[in-house]
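Subject: Structure handover

Hi,

I am passing a structure over to you. Please have it open while you read. My notes follow below.

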Amino acid sequence: AFRVVHRRAGLGSLGRQRFVAIAAWGGSMIAREAKALSPSVAGFCAGNSAPAPGPAALLASAVRVPDPCLRIGERWIVRRLAPDCARVELADLPEGRDEARLLDAMGYELGNLHLGTEGARRVVLADLERRDSGWLHRAVRPFAVRVASECAAWRSVRTPE
C-alpha cells in the first residue's frame, strides 16, 4: 500500500508536475518522486527540432554503477527521496568552499555520462586537441545570456506563492 501526494519543490522544475509515492517497506518509510521530464535546453538553444538522446540513453551508457532507485521513462523520471539524497545547494556549503572544484567534479560526471557512447572518447579527445583554452567560455556565453534573460522574464510574471 502507498499514498501519492502532489509535490512543489524549488524553482528548477518551472511548473512541471511532481508526485511523491510514500510507503512503508521493510519496517521503514520510503518515498519516490516522479517528475515530468523536459527536453534538452541545448537542443532548444541550437534550434534543433529533433529530440537529442534522452537522459535514459546517457545513463545507460555511463561508465559507473547505476543508481538502483532511478528510473527514466519517455516522459517521467522517478527517483528516491531521502534526507541523505539531495542536490548540493551552493548557499548551504561552508565558508571557504571551492565552487570551482565542485563544478569541476560535475564536469567530470557529465563527461562520464558521455564516455560510454560508442566512439565518443576518440572523437571528443581529437576535438579537444584542436581547440584553444578559451573555447568553452565562448561557447557557453550565449546559453548563459539566454538563461539569464529567460529567468528575468519568468520572475517578472511569476505570481507570489
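The sheet comes first. Five strands make up an open sheet, ordered S1-S2-S3-S5-S4, with antiparallel pairing. S1 and S4 are the edge strands, and each of them pairs on one side only. Keep in mind that this is a predicted model.

S1 covers residues 2-6. S2 covers residues 18-25 and runs antiparallel to S1, with 5 bridges joining the two. Within this pair, Val5 has Val20 in S2 as its bridge partner.

Next, S3 and S5. S3 spans residues 28-36 and S5 spans residues 76-81. They run antiparallel and are joined by 6 bridges. Ala36 finds its bridge partner in S5 at Trp76.

At the other edge sits S4, made of residues 71-72. S4 and S5 are antiparallel, joined by 2 bridges. The partner of Ile72 there is Ile77 of S5. A hairpin of 3 residues links S4 to S5.

One surface feature is worth a look. Which residues form the nonpolar patch on the surface? They are Phe2, Val4 and Phe19, and together they have about 310 Å² of accessible area.

Is Phe2 buried or exposed? Phe2 counts as exposed because its relative accessibility is 61%, and the cut-off for exposed is over 50%.

Best wishes

Methods: Residues are numbered from 1 along each chain as its sequence is written. This is a predicted model: local features need pLDDT of at least 70, side-chain atom pairs count only at pLDDT 80 or more; totals for chains, interfaces and linings use all residues. Side-chain values use heavy atoms; hydrogens and water are left out. Patches are made of residues with over 30% relative accessible area and no salt bridge: like charges are joined within 9 Å, nonpolar side chains (Val, Leu, Ile, Met, Phe, Trp, Tyr) within 5 Å. Accessible areas come from the Shrake-Rupley method with a 1.4 Å probe; for residues, only the protein chains shown count as cover. A salt bridge is a side-chain nitrogen of Lys or Arg within 4 Å of a carboxyl oxygen of Asp or Glu. Helices (H or I, at least four residues) and strands (E, at least two) are DSSP runs, numbered from the N terminus. Buried means under 20% relative accessible area, exposed over 50%, partly exposed in between (1.4 Å probe, protein chains only). Two strands pair if DSSP finds at least two bridges between them.
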